[in-house]
Amino acid sequence: MFSNSLLAEVRDRFHHVDNCPYQGKRAFFENAGGSLTLKSVVEVNTHFAAIPDNQGRDNLASHELVRVIDKAREDMKLFMGVRDGLVFVGESGTELLFRLVRAAVLGAPPGGEVLGSTLEHPATVSAAKRWCEIGNKKYVSIPHNDDTASITPEDYKKYVTADTRVATIIQTSPVTGMGVDVKAVVEAIRAVSPDCYIIVDGIQHAAHGALDLAEYNIDAFVVSAYKVFSKHNYGVAWVAPRLSVLPHDKLDGTADSFWELGTRDTSAFATFSEVVNYLDWLGSQFTNSSDRRTRLIEAGKAMCDHEAGLVGAMCDGVDGQKGLRDMPKVFVIGGYDNPWREGLVSLVVEGVPSAEVVTALNQGGVRTHVRKNDYFSGNVLTPLELETCIRVSMCHYNSTEEVKTFLALMESIAA
Ligand SMILES: Cc1ncc(COP(=O)(O)O)c(C=O)c1O
């Protein structure tokens, strides 16, 4: 885990780490609803929000906006670990996934199937179902494993056929917190359907470990800025050359691979560069490498390691405070010793409604969130016969002291 001094430096780089402007002191375990925001993101955002100029003019301000956007595109690709293809920005992760799924479903050869899973967020599932109907393709949903709360290459192998035209994969579930071995799932799909268009939802994973798109062998990938230390109101998509030129909404006269619709918000690009700068700094605490990509990978490893420590403390206790494992009324979705867990623990307390648990935690100064059996979480909760659960989502800036506070409250709630 991070040393105390490094953790203090990390925490100092974010807004509202331990204090909510509306509620006062609190620990923030609601990162899957949106991460904390970097102070540098807010500064840069304020700067660019005030600039009246547009891109593509022959004046110094306009040149600077174009330079910032071009630099950010390089940063985005470095962050994702990819050299080819292109990155573009859209309204949200959901909007980007809808556009990519639509282009893939309508642009793929006629007939066949679109393959997804019950672990996915409705952003990919709803898009795939809608465009399958319009594009005359069959939507096939692979059930995820309820015990591990994840999905494996073997699960995909059972359903993929030579007619699988498009497949969607969620990299990490925002409900269970479990990651998916994207590379191995892609290999399983491509072994049977080599030309399948594969779209990955990386939105929950992006704040919990390095990305390596060049290794995944996919066609499109999406992250949401507000879930990875930046601000609301934009997401970033990467699209591979072959998917980039499938027919899609664009202005006449622009290149076949042009995806952006309308004037760019320079602050979206500039703030994403700040995310990459931050991860670069974090990585530099763990390596002397002069290579920026190496530093980003090291940052990813360090975040994973710190979060694994937080999860360990939550399960097994810390400083004499008993952990969830020793609270008999607590049930943790996906089990305690699940190697795929990424900083997130979803649980229920026998005999106590989840909403009451969340309220009690809030009153004790710990922010969590109740997930309900609705269109966001029903896919996970229904098979477990649960109506609700409590999502406790951590990030690398959280501390074991915060975990301890949470556990002490849980002990009395679950007594
Ligand atoms: C895995 C996943 N996919 C998609 C989304 C939707 O992202 P956005 O809110 O940017 O539309 C979320 C949001 O929580 C998510 O966790």
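User: At what angle do the axes of helix 11 and helix 14 cross?

Analyst: Please note that this is a predicted model. The axes of helix 11 and helix 14 (residues 400-413) cross at roughly 25° and come within 10 Å. Angles under 35 degrees count as roughly parallel, and helix 11 and helix 14 are therefore roughly parallel to each other. Their crossing is right-handed.

User: Which residues of helix 11 and helix 14 meet?

Analyst: From helix 11 come Leu-310, Ala-313 and Met-314, which meet Thr-400, Val-403 and Leu-407 of helix 14. In this contact five residues are nonpolar, one is polar and none is charged.

User: What span does helix 11 reach, and what follows it?

Analyst: Helix 11 covers residues 292-316, which is 25 residues. From first C-alpha to last it reaches 36 Å, close to the 36 Å expected at 1.5 Å a residue. Gly-317 follows helix 11 and has a positive phi, near 95°.

User: How is helix 2 oriented against helix 10, parallel or antiparallel?

Analyst: Helix 2 (residues 39-49) packs on helix 10 (residues 266-284) at an angle of about 155°, and the axes are 9 Å apart. That angle makes helix 2 roughly antiparallel to helix 10. The crossing of this pair is right-handed. By class, the contact of helix 2 with helix 10 has seven nonpolar residues, six polar and one charged.

User: At what angle does helix 3 pack with helix 10?

Analyst: Helix 3 (residues 60-80) and helix 10 pack at about 45°, with axes 8 Å apart. The two helices are therefore oblique to each other, and their crossing is left-handed.

User: Which residues surround the ligand?

Analyst: The residues around the ligand include Ser-92, Gly-93, Thr-94, His-121, Asp-201 and Gln-204. Ala-123, Ile-170, Pro-174 and Ile-203 also belong to these surroundings, as do Ser-224 and Gly-235. The shell around the ligand has four nonpolar residues, seven polar and one charged.

Technical notes
Residues numbered from 1 in each chain as written. Predicted model: local features only at pLDDT ≥ 70, side-chain atom pairs only at ≥ 80, totals over all residues. Helix = DSSP H or I, 4+ residues; strand = E, 2+ residues; numbered from the N terminus. Expected span 1.5 Å × (residues − 1). Near = placed C-beta within 6 Å. Nonpolar A, V, L, I, M, F, W, Y, C, P; charged D, E, K, R; others polar. Axes fitted to C-alpha atoms, helices over the stretch in contact; angles between N-to-C directions. Parallel < 35°, antiparallel > 145°, perpendicular 65-115°, else oblique. Left-handed = near helix turned anticlockwise from the far one by under 90°. Contact = placed C-beta atoms within 7 Å.
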